[in-house]
Each structure stands twice: as C-alpha cells, then as structure tokens.
Amino acid sequence: MKYITFPGLGLDLTINPILVSFGSVSIHWYGFIIAVGFVLAAVWGCTHYKEFGIRQNYLIDMIYVLIPAGIIGARLYYVIFEFENIYYVPGDFWATVGKIVRIWDGGLAIYGGIIGGAIAVLIYCRIRKIPFLTVADITVMGLLIGQCIGRWGNFVNVEAFGSITTVPWRMAGQNVADYLMNTGQVNEATYQSILDGTLGVHPTFLYESLWNLLGFILIALVLRHFRRFDGQMFLTYVAWYGLGRFWIESLRTDSLYIPGTDLRVSQVLALGTAIIALLILLYVLLVRKADPSGLYVNKTAAGNISAGSSPPESGRSGETSGDTEPDSAVISAESTAPPETGTGGEPADENDDEKESGDDGTDT
C-alpha cells in the first residue's frame with residue numbers, strides 16, 4: 001500500500017498500486033494508466049487524420065511500431081543513467097535483467113520514449129513514403145494526451161515528486177518521507193515534519209500533467225487557426241514541453257544526472273531542444289513566411305483536383321481536410337492514364353460514362 005496526504009487540502013489517501021490480480025498475475029495501476037494514455041492518444045490520431053492528409057490505416061499500422069519503440073526507448077534511457085544505482089546486481093546477470101524488465105515498478109524517462117518513438121516513426125515514414133514532419137505533427141498531439149494522463153501513474157507509485165515546500169497543495173506521507181530519508185535528502189527533523197504534514201513536497205507529477213493539458217489546448221488552437229507548415233505543431237510541442245520541463249525538473253528530487261557533473265539530463269535536453277525549436281519556428285514563420293499551400297494535406301488535395309477528383313471539403317486554417325485520403329501512387333496513375341476513345345478515335349464523352357455508371361467522378 002502507498003500512503004499519501006495533502007495536509008493543506010485535508011486529504012489522506014491509501015492507494016493499492018495493484019489494480020486487479022488473477023492468481024499470480026497482477027495488473028498495476030501504473031501500467032493501466034499508461035495504457036489508457038496510449039489508447040486515448042491513438043483515438044485522437046485516428047479521428048483527426050484527415051486534417052493532415054494521412055491515411056487512417058497508415059496511422060493504425062504505425063501504432064504497432066510506435067508504442068513498443070517508445071516504451072523500450074523510455075526504459076533504456078532510464079536504465080542507462082541509473083544502471084549502477086538501481087539495476088545492476090553484481091555477479092548475477094539474470095537478476096539484473098529481471099530488474100530491468102520490471103517496468104511496472106516505474107522507471108520510464110519521457111525523453112527516452114520520445115527519442116525511441118521518433119526513430120521508429122522516421123523509419124516507418126521512409127518505408128511508407130509519407131512525410132515525417134506531417135506524421136510528427138499528428139503524433140505529438142497524441143503524445144501530449146498520453147503524457148497528461150500517464151503522469152498520474154507516477155502519483156500512484158508515489159514518485160516523480162519535487163523538493164520540500166510548505167505550499168497549501170504540498171504532498172506528504174510515509175512513502176514520501178521514507179524515500180527522502182533513504183536517499184539522504186532530509187534529516188530526522190525534516191523527516192518527522194513530512195510525516196506530520198508540517199512540510200511536504202511539490203507534486204511535480206501534477207504540474208507536468210497540467211502543463212501538458214494546457215499545451216494540448218494551445219497547440220490544438222494552432223492547428224485550427226494558425227498552422228502554416230508541416231512540422232509546426234511538432235516544433236511547438238518541443239518548445240512548449242521543453243520550457244515547462246526545464247522548470248519542473250529543477251524541483252524534482254529524483255533527477256537523472258550527466259555522469260560526473262551536477263547537470264540534470266532532462267534540464268539540458270529540455271532547454272537545448274526548446275531553444276532550437278523556437279529558432280526554427282521563428283525562422284520559418286518570419287523569414288521564410290511559410291504559406292499554408294505548402295502543407296501536405298493541401299498539396300495532396302490539389303493533386304486530387306488536377307487528377308479529376310472532386311475537391312475535398314474545406315479544412316481548418318483555410319486548408320482542405322483531405323477527406324479523399326489521397327494516395328500519391330493513385331494520383332500519379334490517374335493523371336498519366338490516356339483518355340478512353342470512342343468510335344472513330346474520338347475521346348469518349350465522360351458524361352455518357354457517368355450516365356451509365358452513376359459515378360460522380362469522386363475518388364473515395
């Protein structure tokens with residue numbers, strides 16, 4: 001059991017980290033919450049694919065690649081920086097491996113998940129011959145949803161909290177106090193103050209969850225009104241999350257550090273990637289003055305029209321929605337096919353074909 005209190009709010013919670021057990025098999029809240037985040041992220045992508053001109057089946061296939069790669073990347077990233085402290089069992093290889101695979105006990109680093117997922121998506125896009133930046137735009141929206149929900153898995157495990165504080169929403173309790181004492185971050189007096197609720201810690205899992213929720217709302221508005229180029233939403237996410245994570249990470253008590261330094265890995269990555277993303281955004285928007293006509297969804301829609309298909313319905317920001325789910329190979333084949341000929345070598349009347357078949361010419 002986990003024991004958590006919010007003394008300033010009058011809340012005392014006892015949480016069983018195991019959701020349900022079937023004999024010797026247990027489903028942990030942590031894994032269940034992460035799974036819910038993945039599912040909702042996938043639902044968002046599969047209901048908004050037309051706004052990006054990407055086929056739904058492409059996104060569904062990508063999920064089978066993205067999720068395992070993200071989990072593996074998140075775990076490897078964490079294990080690399082905590083191998084000696086947590087996972088290595090001297091002289092026992094299989095015990096070490098066993099500790100590494102127990103992801104339900106916690107120990108996933110979001111930046112590792114982003115790196116692993118990005119590599120997998122890049123390879124997938126190269127194979128499918130679809131633009132990576134377009135896919136990245138739709139993927140980060142699902143990522144924000146997953147992060148917003150997934151952080152509550154940290155709450156259940158009583159981890160990813162911050163430094164000592166007296167704010168009204170401080171988090172305290174036995175598990176918090178024990179962790180800080182065992183890692184040498186508090187003395188006996190402070191330990192007792194956390195137990196009785198006089199002191200507590202920043203609930204940084206909550207800060208990040210709310211930051212991601214706000215980011216999702218803001219970037220959704222960018223999608224609706226101000227999207228000008230493929231990759232804009234991806235870069236906005238990198239900048240937004242990086243700035244928030246840089247601040248939140250400074251409060252954390254369980255940060256990963258660059259070996260031999262006092263630099264927190266996530267702070268260095270967060271600030272560095274945020275600055276780079278902001279510079280690229282400013283350059284493309286202000287210097288190159290990106291035009292929405294260059295968006296993948298608009299270029300494929302224009303290709304459909306030139307190939308003889310009916311124009312799709314208008315999408316957001318003045319772009320087309322991509323309802324026809326264009327496929328470049330089909331467009332190319334249709335646009336280069338010779339016209340049918342009627343009697344005497346004259347081109348066949350398209351209206352006659354439509355009268356006979358009832359086809360309105362739209363590629364569905």
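Predicted model: local features only at pLDDT ≥ 70, side-chain atom pairs only at ≥ 80, totals over all residues.
Q: Why is Ser255 called buried?
A: Buried means under 20% relative accessible area. Ser255 has 9% relative accessibility, so the residue counts as buried. Its place is in the loop between helix 9 and helix 10 (265–287).

Q: What makes the pairing of the Ser255 and Glu249 side chains a polar contact?
A: The cut-off for such a pair of N or O atoms is within 3.5 Å, and these two side chains are joined at 2.7 Å. A polar contact of 2.7 Å also joins the side chains of Ser255 and Arg264. Once residues up to four places away in sequence are set aside, Ser255 touches Glu249 and Arg264.

Q: How do you know that helix 9 is largely enclosed by the rest of the structure?
A: Of its 18 residues, 13 are buried, so helix 9 is largely enclosed.

Q: What span is expected for helix 9 (residues 232–249), and what does the model reach?
A: At 1.5 Å a residue, 26 Å is expected; helix 9 reaches 25 Å from its first C-alpha to its last, which is close to that value.

Q: Which residues have the most contacts inside the largest nonpolar core?
A: They are Trp44, Phe52, Ile54, Ile130, Val135, Met233 and Tyr237, in a core of 40 residues. Helix 9 is among the elements that give two or more residues to this core, while helix 2 provides the largest share, seven residues. Beyond its neighbours within four places in sequence, Phe52 is in contact with residues including Trp44, Leu223 and Met233.

Terms used: Residues numbered from 1 in each chain as written. Heavy atoms only, no water. Helix = DSSP H or I, 4+ residues; strand = E, 2+ residues; numbered from the N terminus. Expected span 1.5 Å × (residues − 1). Buried < 20%, exposed > 50% of the residue type's maximum accessible area, 1.4 Å probe, protein only. Polar contact = N/O pair within 3.5 Å; in protein donor to acceptor, adjacent residues only side chain to side chain. Contact = heavy atoms within 4.5 Å. Core = buried A, V, L, I, M, F, W, Y, C linked by side-chain atoms within 4.5 Å.
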